[in-house]
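Thanks for coming, everyone. Please take a look at the structure on the screen, and then I will walk you through a few places in it.

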Amino acid sequence: MAAPPPPGSLPPPLDESAAAKLSPNERPNPAYRQLYQAYADAYGSIGRLRQALDAPVRTLRGTDAWLGPEAREWGGQLEANRADLHKAADRILWDIYDRLNATQRTLPV
C-alpha cells in the first residue's frame, strides 16, 4: 500500500475571504478544517514513524556483531515488524484522507 496523495492535492479549507463569498445559506465546515490540519500534520510527520526501524535493520544487516540462526530469526521478525509499521503508517494516512475526502468544505446555515 502506497501513501495517499499529499494534502495539497485536496482543496484547502476556506479562508476568510473565500468564506465571505459563500452564499448566505452556506458556511465553512469546521470539521473539514480540523481534518485537513490533522492530515497535513500526520502527512508531515509520518516519515519519522515509517523510518523508526530503519536504523536497527541497517545495524543488524551491516555488522557481524550477532550471527547465527537466532540472529537470522530475530532479523526476520524485525523486517516483518518494519513492514507492518510501514503498512500501519500508510493506513493511518489513508484513514484520515478518506474521511477528509468525504467531508464537505461547507455546511448549510
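Pro-108 touches Asn-25 and Arg-27, leaving out residues up to four places away in sequence. Contact here means heavy atoms within 4.5 Å. Before I go on, two notes on the numbers. This is a predicted model, in which local features need pLDDT of at least 70, side-chain atom pairs count only at pLDDT 80 or more, and totals for chains, interfaces and linings use all residues. Residues are numbered from 1 along each chain as its sequence is written, and side-chain values use heavy atoms, with hydrogens and water left out.

Back to Pro-108. This residue is in strand β2. Helices (H or I, at least four residues) and strands (E, at least two) are DSSP runs, numbered from the N terminus. Pro-108 and Asn-25 are 83 residues apart along the chain, yet their C-alpha atoms are separated by 5.5 Å. Is Pro-108 buried or exposed? It is exposed, because its relative accessible area is 63%. The cut-offs are these: buried means under 20% relative accessible area, exposed means over 50%, and partly exposed is in between, with a 1.4 Å probe and protein chains only.

Strand β2 covers residues 106–108, and Thr-106 is found there too. The side chain of Thr-106 makes a polar contact of 3.1 Å with the side chain of Glu-26. A polar contact is a pair of N or O atoms within 3.5 Å; within protein, one must be able to donate a hydrogen and the other to accept it, and residues adjacent in sequence count only if both atoms are side-chain atoms. Beyond four places in sequence, Thr-106 touches Leu-14, Leu-22, Glu-26, Arg-27, Pro-28 and Asn-29.

Take Asn-29 next. It lies in the loop between β1 (26–28) and α2. At 11% relative accessibility, Asn-29 counts as buried. What does its side chain reach? The side chain of Asn-29 reaches the backbone oxygen of Gln-104 at 2.8 Å. Its contacts, not counting residues up to four places away in sequence, are Thr-103, Gln-104, Arg-105, Thr-106 and Leu-107.

On a 1 Å grid over the protein atoms alone, a cavity is a set of points where a 1.4 Å probe fits but cannot get out, and lining residues have an atom within 4 Å of a point. Grid points are joined across faces, edges and corners, and a volume is the space filled by probe spheres set on the points. The largest cavity holds about 30 Å³ of space.

**The core and the aromatic rings**

Tyr-32 takes us onward. Its contacts beyond four places in sequence include Leu-10, Pro-11, Leu-100 and Arg-105. Tyr-32 also belongs to the largest nonpolar core, which has 11 residues in all. A nonpolar core is a set of buried Ala, Val, Leu, Ile, Met, Phe, Trp, Tyr and Cys residues joined through side-chain atoms within 4.5 Å. Helices α2 (30–50) and α4 each supply at least two residues of this core. The largest share, six residues, comes from α2.

Now the rings. The structure holds five aromatic pairs. One of them is Trp-94 with Tyr-97, edge-to-face, 5.4 Å centre to centre with 85° between the planes. Rings of Phe, Tyr and Trp (its six-membered ring) pair if their centres lie within 6.5 Å; planes under 30 degrees apart count as stacked, over 60 as edge-to-face and the rest as tilted. Both residues lie in helix α4 (residues 69–101), three residues apart, about one turn of the helix. Trp-94 counts as partly exposed because its relative accessibility is 24%. Tyr-97 is buried, at 13%. Tyr-39, Tyr-43, Trp-94 and Tyr-97 form one aromatic cluster.

**Asp-90, the last stop**

Asp-90 is found in helix α4. At 2% relative accessibility, it counts as buried. Which side chain does Asp-90 join in a polar contact? That of Arg-50, at 2.8 Å. Asp-90 and Ala-2 are 88 residues apart in sequence and 6.6 Å apart in space, C-alpha to C-alpha. Beyond four places in sequence, Asp-90 touches Met-1, Ala-2, Ala-3, Pro-4 and Arg-50.

Definitions and conventions. On a 1 Å grid over the protein atoms alone, a cavity is a set of points where a 1.4 Å probe fits but cannot get out, and a pocket is an open set with protein on both sides within 12 Å along at least five of seven lines; lining residues have an atom within 4 Å of a point.
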